[in-house]
Amino acid sequence: MRRLVLLGVVAWAGFAPAQMELRVRPFVQIVGDNQMGVSWLVSGNAFGEARWRQQGEEWLKAYYAVDGLREANTPIQRARISGYDPALPLDIQTVSMEMRSFGVYRAPAYGKTVTSQPARVSALVSAEGETSFAVFTDVHSRTNCYPLLLPKLGEGLRFIVLAGDNLNDPPTEQKAVEDLFGPMAWFTEQGFACLFMRGNHETRGAFARHLRNYLVLPDDRYYGAMTLGPLRLVWLDCGEDKVDGHKEYYGLNDFEPYMGAQLEWLKREVQGEAFIRAQWRVVVVHIPPKWREGREWEGTYRMNAEFAPVLNRAGATAMICGHTHKPELQPPSEKEDYGFRGPVFIGGSWPAEKQVITRVDVRRDQLKITMIRADGSVFAEQTWPRK
């Protein structure tokens with residue numbers, strides 16, 4: 001029943017009304033410094049834009065454009081918001097005009113206009129640069145956990161991080177609507193923007209290759225970084241957990257060059273002024289560094305041997321991960337150039353009563369990371385005072 005309540009934020013993907021309707025209500029996405037994105041779906045081809053404002057100012061317009069062309073004649077609606085102040089709440093409303101014709105060198109013919117109800121999401125940081133956010137991992141499409149767990153995480157949250165395997169091997173748009181876009185719209189209506197990250201299961205399924213067309217990504221990538229007061233937050237795409245040539249991928253994967261390009265980006269990121277000047281540097285990635293002795297998959301090896309040493313040399317504070325389905329506060333690696341030489345917070349997975357969510361609280365004088373069980377009790381916690 002609770003799952004049905006949650007999924008009430010969307011209409012069924014296969015439903016085709018006579019007149020165009022809003023199919024998935026707007027979901028606000030964190031893109032990076034001073035940038036936000038919003039996506040929504042309608043039931044027919046349309047031309048859309050988002051209207052946004054902060055502090056009661058006049059509504060501004062935002063849209064999505066690629067190579068000089070605004071997106072049009074599609075049920076997938078997006079907008080990229082620039083010039084946004086992360087210390088102020090964001091009011092958002094979307095407008096889509098049905099496109100009945102889309103000719104060449106002639107005016108398109110418009111039909112019904114569909115407007116969403118206004119929504120407001122919290123400021124990402126306070127005026128003093130403080131923030132709090134929760135990290136969900138390994139939901140695996142069991143979306144009933146969101147309304148069950150959110151009240152257990154305490155007051156003062158400002159945004160949500162979906163840190164991989166929240167969507168499980170998406171086969172169709174319908175499943176992505178039910179298990180990702182709908183829940184993100186639900187979070188937006190609770191007042192939270194979402195930072196979406198892929199885990200290895202978001203890279204699987206027939207719909208995985210279409211997922212990016214529904215999202216607003218930082219520089220069109222599944223990884224990025226942003227500053228939140230004294231914190232530099234870096235999120236990485238973990239790729240797959242096995243080598244490209246593994247029999248389960250049937251020759252359809254090519255992650256090695258992609259992960260190599262991301263590694264080069266990370267090397268530039270940690271040498272940048274924003275990372276160096278930050279008081280704390282927290283990295284979120286779905287697959288953790290080595291978490292047990294014995295067999296090691298390619299994704300774990302890559303985090304240990306390639307990414308972790310870059311973060312170690314740059315003085316990263318902590319990592320937040322998932323993937324193992326076993327909640328754990330992993331101690332720092334004792335090896336010089338293998339594994340992460342800081343704490344790794346690994347969230348727990350389903351069933352919901354065994355789930356463990358990670359909460360991050362950033363204050364001017366302290367960073368605190370807490371792992372919270374489904375009943376609201378503390379699994380593990382660590383703090384770092386300001387130097």
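How many aromatic pairs does the structure hold? I began with that count and found 15 aromatic pairs. A reminder to myself before going on: this is a predicted model.

**Entry 1: a stacked pair**

I picked out one of the aromatic pairs, Phe181 with Tyr214, and looked up its geometry. The two rings are stacked, at 5.2 Å centre to centre and with 15° between the planes. The planes count as stacked because their angle is under 30 degrees.

Next I checked where the two partners sit. Phe181 belongs to helix 3, residues 173-189, while Tyr214 is in the loop between strand 12 (193-197) and strand 13 (224-228). The pair therefore ties together parts that are 33 residues apart in sequence.

Are these two residues buried or exposed? I found Phe181 buried, with 0% relative accessible area, and Tyr214 buried as well, at 8%.

**Entry 2: charges over rings**

I then turned to arginines and rings. Over the ring of Trp350 I found the charged end of Arg142, 3.9 Å from the ring centre. A second case is Arg198, which lies over the face of Tyr222 at 4.2 Å from the centre of that ring.

Trp350 came up again when I looked at peptide bonds. The bond from Trp350 to Pro351 is cis, with omega near 0°. I placed Pro351 in the loop between strand 18 (344-346) and strand 19 (356-362).

**Entry 3: two helices side by side**

How do helix 4 and helix 6 pack? I read off an angle of about 10° for helix 4 (residues 255-270) against helix 6 (residues 298-314), with the axes 9 Å apart. Helix 4 is therefore roughly parallel to helix 6, since angles under 35 degrees count that way.

I listed the residues that make the contact. Helix 4 brings Met259, Gln262, Leu263, Leu266, Lys267 and Val270. From helix 6 come Arg302, Met303, Glu306, Phe307, Val310, Leu311 and Ala314. Sorted by class, this contact holds nine nonpolar residues, one polar and three charged.

**Entry 4: Phe255**

I stayed with helix 4 for a moment, as Phe255 is placed there. Phe255 is buried, at 10% relative accessible area. Which residues does Phe255 contact, leaving aside neighbours within four places in sequence? I found Arg198, Thr203, Gly239, Glu240 and Asp244. Arg198 is the residue I had already noted over Tyr222. For Gly239, which is 16 residues away from Phe255 along the chain, I noted a C-alpha separation of 6.4 Å.

**Entry 5: positive phi without glycine**

Backbone angles came next. Asp165 has a positive phi, near 60°, though the residue is not a glycine. I located Asp165 in the loop between strand 11 (159-163) and helix 3. With 1% relative accessibility, Asp165 counts as buried.

His325 is another non-glycine with positive phi, here about 70°. This residue sits in the loop between strand 16 (318-321) and strand 17 (328-330). I have His325 down as partly exposed, with a relative accessible area of 31%.

**Entry 6: Pro327**

The loop between strand 16 and strand 17 also contains Pro327. Its relative accessibility is 24%, so Pro327 counts as partly exposed. Leaving out neighbours within four places in sequence, I found Pro327 in contact with Ile346, Gly347, Gly348, Val356, Met371 and Phe379.

From Glu334 to Ile369, 35 residues apart along the chain, the C-alpha atoms are separated by 22 Å.

Where is Glu58 found? I traced Glu58 to the loop between strand 2 (35-53) and strand 3 (60-62). With 70% relative accessibility, Glu58 counts as exposed. Not counting residues up to four places away in sequence, Glu58 touches Trp52 and Arg53.

Methods: Residues numbered from 1 in each chain as written. Predicted model: local features only at pLDDT ≥ 70, side-chain atom pairs only at ≥ 80, totals over all residues. Heavy atoms only, no water. Phe/Tyr/Trp six-rings, centres within 6.5 Å; stacked < 30°, edge-to-face > 60°. Helix = DSSP H or I, 4+ residues; strand = E, 2+ residues; numbered from the N terminus. Buried < 20%, exposed > 50% of the residue type's maximum accessible area, 1.4 Å probe, protein only. Lys NZ or Arg CZ within 6 Å of the ring centre and 35° of its normal. Axes fitted to C-alpha atoms, helices over the stretch in contact; angles between N-to-C directions. Parallel < 35°, antiparallel > 145°, perpendicular 65-115°, else oblique. Contact = heavy atoms within 4.5 Å. Nonpolar A, V, L, I, M, F, W, Y, C, P; charged D, E, K, R; others polar.
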